[in-house]
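Thank you all for making time this morning. I would like to walk you through one structure, and I will go slowly for anyone who has not seen it before.

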Amino acid sequence: MRNQKELTGDKESLLLKAKSEGLRILSFMPRSVEELKTKLRDKGYETSLVDEVTAVFKKQGLLDDNKFARLYVNSRLHTRPSGHRTIETELKQKGVPHVIIKEALKDLNNETEKETALSLAKGRFERMATLPRQKQKTRLYGLLKRRGFS
């Protein structure tokens, strides 16, 4: 947490510092509105200032939960395949509203989820060729369950 002395000054300079910090945070990876708010508050910025920064970023198109949720779902399907439940839980933890989560997950139907799970299982199954059949089944079931597939 920043030193309170560092966060003193007129409103304009504080706003500029908070915007700079927000841009720095967003430069690493996309964030939800709530994630950015939490990070800025953790840095010691007042809630009113954080709200102002996020409002400006929303207006400028730098912060958009709809876009973030769609990108996140797409990323999770391709980089670390996960099921509907896991992705939904992760988005909730990131502070994305339920309505937006539902909208982002609407394209993830049972068929897509089944294909993703099958692809993941095939890849893992090949690596477990030397194991007994029952152990293979147990490990694959555990993997799919941990990743949120139904």
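Let me begin with glutamate 88, which, if we leave aside its neighbours within four places in sequence, is in contact with His98, Ile101 and Leu105. Please keep in mind throughout that this is a predicted model. Is glutamate 88 buried or exposed? Its relative accessibility is 16%, and because buried means under 20%, glutamate 88 counts as buried.

Arginine 76, to which I turn now, belongs to helix H4, residues 65–78, and it is buried as well, with a relative accessible area of 10%. Which side chain does the side chain of arginine 76 meet in a polar contact? The partner is the side chain of glutamate 90, at 2.8 Å. Not counting residues up to four places away in sequence, arginine 76 touches Pro81, Ser82, Thr86, Ile87 and Glu90.

Stepping back to the whole protein chain, we find 8 helices and 0 strands. The radius of gyration is 20 Å, well over the 15 Å that the globule rule gives for 150 residues, so the chain is more spread out than a compact globule. Its C-alpha trace spans about 70 × 30 × 20 Å along the principal axes, and buried residues make up 39% of the 150 residues.

Conventions. Residues are numbered from 1 along each chain as its sequence is written. This is a predicted model: local features need pLDDT of at least 70, side-chain atom pairs count only at pLDDT 80 or more; totals for chains, interfaces and linings use all residues. Side-chain values use heavy atoms; hydrogens and water are left out. Buried means under 20% relative accessible area, exposed over 50%, partly exposed in between (1.4 Å probe, protein chains only). Contact means heavy atoms within 4.5 Å. Helices (H or I, at least four residues) and strands (E, at least two) are DSSP runs, numbered from the N terminus. A polar contact is a pair of N or O atoms within 3.5 Å; within protein, one must be able to donate a hydrogen and the other to accept it, and residues adjacent in sequence count only if both atoms are side-chain atoms. The radius of gyration is taken over C-alpha atoms; the globule rule is 2.2 Å times the number of residues to the power 0.38.
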